[in-house]
Amino acid sequence: MAIDPQFETNRETVDEHNGHAVWGPVEEPEKLGIHGTHVAVDFDICLADGACLEDCPVDVFEWVDTPGHPESELKADPANEAQCIDCMLCVDVCPVDAIDVDPGRAGRT
Ligand code: SF4
């Protein structure tokens, strides 16, 4: 299952984390929702592969600990989404399609 690119329509923001939105539902620690808006990462799909952290030319992602999550206990958090230059590398390298980038979405500052 890939991230839902229509999450802005299909979900609601339930929280804020590191300056970006969190789109629910969230039921910690098993369900963590989607983090970010311009650069969105579905934490419930992310496997902590790390390719996005390695390949992003402007260091948008940072690891966050997510102990108790069934997929992985680390997630690639779009902590610096405002720096994104829309190269789409992260979208291309993610092995589980957990990332969606859309420069037209709110959240870009
Ligand atoms: S689209 Fe490019 S610049 Fe933006 S987060 Fe992904 S890898 Fe980084």
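Let me start with a definition: I call a residue buried if 20 or more other C-beta atoms lie within 10 Å of its own, exposed if 12 or fewer, and partly exposed in between, with C-beta atoms placed from the backbone. What you are looking at is a predicted model, where local features need pLDDT of at least 70, side-chain atom pairs count only at pLDDT 80 or more, and totals for chains, interfaces and linings use all residues. Residues are numbered from 1 along each chain as its sequence is written.

Cysteine 94 first. With 23 C-beta neighbours inside 10 Å, cysteine 94 counts as buried. Its place is the loop between helix H3 (89–93) and S7; helices (H or I, at least four residues) and strands (E, at least two) are DSSP runs, numbered from the N terminus. For contacts, the rule is that the C-beta atoms of two residues, placed from the backbone, lie within 7 Å. Not counting residues up to four places away in sequence, cysteine 94 touches Asp49, Ala51, Cys52 and Ile99.

Which positions does UniProt place under "binding site" together with Cys94? The unreviewed entry gives Cys46 and Cys52 along with Cys94. Positions from UniProt are in the numbering used here, feature names are shortened, and annotations may be inferred rather than shown by experiment. The three span 49 residues in sequence, yet no two of their C-alpha atoms are more than 10.7 Å apart, so they gather at one spot.

Cysteine 46 sits in the loop between strand S4 (39–42) and helix H2 (51–55). Cysteine 46 is also buried, because 24 C-beta neighbours fall inside 10 Å. Leaving aside neighbours within four places in sequence, its contacts are Val41, Glu71, Ser72, Lys75, Ala76 and Ala98.

Now the sheet. It is open, has 5 strands in the order S1-S2-S3-S4-S7, and its pairing is antiparallel. S1 and strand S7 (99–101) stand at the edges with a single partner strand each, so one side of each is left without a neighbour in the sheet. Two strands pair if DSSP finds at least two bridges between them.

Strand S1 (residues 13–17) pairs with strand S2 (residues 20–23) in the antiparallel sense over 4 bridges. On to the next pairing: S2 and strand S3 (residues 34–35) run antiparallel and are joined by 2 bridges. Here tryptophan 23 stands opposite isoleucine 34, and valine 22 has histidine 35 as its bridge partner.

Not counting residues up to four places away in sequence, histidine 35 touches His17, His20, Val22, Val41, Phe43, Asp77 and Pro78.
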